[in-house]
Amino acid sequence: MSWIQKLYETYDKCKDAPQFENNPLPPIGHIAQQAHIEIVVDADGNFRRASVVNKEITVIPATEKSSTARTSAIVPHPLCDHVKYCAGDYVEDNQIENEYFEKYREQLGNWCQLHPKATAVFKYIEKKTVLSDLIKEGVMPVDADGHLLRAWESTQNKPPLLKQLTAEKKIYKPQNALIRWRVETANDPVPEVWKDKNLQDAWLAYCTENEATKTPDLCMVTGSRMFLADKHQNKIRNGKDGAKLISNKKDTDSDFVYLGRFLSARQAAGVGTEVSEKAHNALRWLVQRQAFRNGDQAIIAWDVGGKEIPDPFGNTADTFELDVEGDDSKPQFQGDIGQAFALRLNNRIRGYRAKLGSTDGIVVMGLDSATPGRMAITYYRELTGSEYLDRIQAWHTAFAWHQDYGRDAETKQQIRFVGAPSPKDIAEAAYGRPKDKQHEKLIKVTVERLLPCIIDGQAFPGDLRETTFRKTCNRISFEKDKYGREWDWEKNLGIACALIKGAYIGKERYQMTLETNRVSRDYLYGRLLAIADSIEGFALTKAEKNRDTTAAKLMQRFSSHPFSTWKNIELALKPYMSRLRTSDHGVGFLVIREKLLDEVVCAFQGDDFTDDRPLSGEFLLGYHCQRRELNKAKPHKDGESATDAEMTSTDN
């Protein structure tokens, strides 16, 4: 019950908090739903006008049953409801009268006298002209025979209401469009019933009066006696989510339900009505506001007091709003960019520590459902504020590397930053983007495996790191864009290097720049491959041939048999080197590269160069650092910049 207690505390602390004015928590006895139609009436219940609502979330009064059990039973909401409930002139096919309307009318009539706006709505629906008024206003589409329009094959000129509804097997159900009310009276600044706090209080007063007829029992969350909830809310992740965290059958329905050592559902989980509503409202509000979503999976991290905390599921650039290098960014020439990154990250973390107390409660919760009706908590942790920030800082520091995410789909800006990738990016780097349900499940499971690494500081899974490394080495398997650019592979390369660097924390400390004094075999072989790739790539560019280099084609084989594969790469380089040697624009470039090649080969120790055993992930670190160093822009004398290759060609 710890989770529901934390959510209950969160509701009490965040309700009416000034920082959430634009997205407040709904009051108890209310739920948030998407309205489709807005009807305006006056204080005497006379129809004025109606319109289609453009996907606006509306807080409406709800009963315990109407917020949890409307799948098949006729259970009306107290005020705002579907057309079939509100319209007395609507009749279902093969029915004589509207049973939905009679239940709605009866319930609204029992409490509407508590508030004049509810009374005005009651007077209007008593006239039984809701459906005909909507048709006259053009809100409810009908066919030539006057029947409700339920299908629309064309994508053009679709009626506004059908645009807001979701078709099931190409069939719309306009009778299920939700109506919200506006009651316009003189000198009333809030005609919207869903914004009127006096109306909300009137409904709560009616609920409290009805609750008094029940027998109080022990609430396992607060430890006090109060009226217990028989049904608990669903629709936690979205409006169509039928899965519940707490579910029970009625005592009369429990003949075939195994209850274990309990005689009734309340003995297993007795939760007060107010506690359940507050906790579920808080959970729904948190999921919609800040959860990491991946299909049915939802993972949220929050401070119980409502303070801002860093998102554990974003990459470093998004989480801490660190600078992203765009196309027009100036080149940086720092000895170890890791130092500059650490300083900026520490500044951001210090900002959070100043706002967040060291003993503040932080909760991380993962939700998922195996079936449509049941939801499970797949991950749950409670931490103090200082613990949480320490773990987040450790993760982003250990797994920081140069990331190249290609171009943003909307802004077309190139996204480059130094930092850790997000858990979802890591999962997709290892297994690719999800293509079907099974693949989506694999990505979800992988993200869940990474949560303990971030929140608990556990070791990174070795198999996941190895899979990402092997996939990145298979460079020719990645797709290119129409200009031959390898965005996906560049992204994978940065993520793989981040995982390898993070895995060596405690054993080796790698810098995020080229380490010319590092003489380990795998690192030097990575540098060799980058130099070979550079030479052939430059020759192909000068010859205006857009094709893969030999180093790119043989990268996977090179990682398994470096010495024997290097022979093939070296032989393939000879014609390109001969061509550059006779070129006016290539000889200078080649001299620099050949000198570098000799330095790297001479740095091998003992028999390391002839050792043909498979390379470890360290190979990618050497490759990426050497490649970045060769492609690094250097300043011209006049202040402009150019790549190494361009400088060489210009000089010659």
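The largest cavity here has a volume of about 60 Å³. By cavity I mean a set of points, on a 1 Å grid over the protein atoms alone, where a 1.4 Å probe fits but cannot get out. The volume is the space filled by probe spheres set on the points, with grid points joined across faces, edges and corners.

Two remarks on the source. This is a predicted model, where local features need pLDDT of at least 70 and side-chain atom pairs count only at pLDDT 80 or more, while totals for chains, interfaces and linings use all residues. Residues are numbered from 1 along each chain as its sequence is written, and side-chain values use heavy atoms, leaving out hydrogens and water.

Back to the cavities. Searching the whole structure gives three of 30 Å³ or more. What lines the largest cavity? The residues are His30, Val59, Pro61, Leu79, Val193, Trp194, Leu199, Gln200 and Trp203; a lining residue has an atom within 4 Å of a point. Helices (H or I, at least four residues) and strands (E, at least two) are DSSP runs, numbered from the N terminus. By class, this lining has seven nonpolar, two polar and no charged residues. Nonpolar covers Ala, Val, Leu, Ile, Met, Phe, Trp, Tyr, Cys and Pro; charged covers Asp, Glu, Lys and Arg; the others, Gly among them, are polar.

The second largest cavity has a volume of about 50 Å³. Its lining includes Glu64, Lys231, His232 and Glu277. Here the classes are one nonpolar, six polar and three charged.

Four strands make an open sheet, ordered 7-8-9-10, with antiparallel pairing; two strands pair if DSSP finds at least two bridges between them. Strand 7 (292-294) and strand 10 (374-384) are the edges, each pairing on one side only. On average, neighbouring strands are turned by 10° against each other, direction ignored. Strand 8 (297-303) and strand 9 (361-371) are joined by six bridges, and Ile299 has Gly366 of strand 9 as its bridge partner.

Which helices pack here? Helix 1 (2-14) touches strand 8, strand 9 and strand 10, and its direction makes about 70° with that of strand 10. Helix 9 (273-290) lies across strand 7, strand 8 and strand 9, at about 100° to strand 8. Contact means heavy atoms within 4.5 Å. Axes are lines fitted to C-alpha atoms, for helices over the stretch in contact, and angles run from 0 to 180 degrees between N-to-C directions.

Notes. On a 1 Å grid over the protein atoms alone, a cavity is a set of points where a 1.4 Å probe fits but cannot get out, and a pocket is an open set with protein on both sides within 12 Å along at least five of seven lines; lining residues have an atom within 4 Å of a point.
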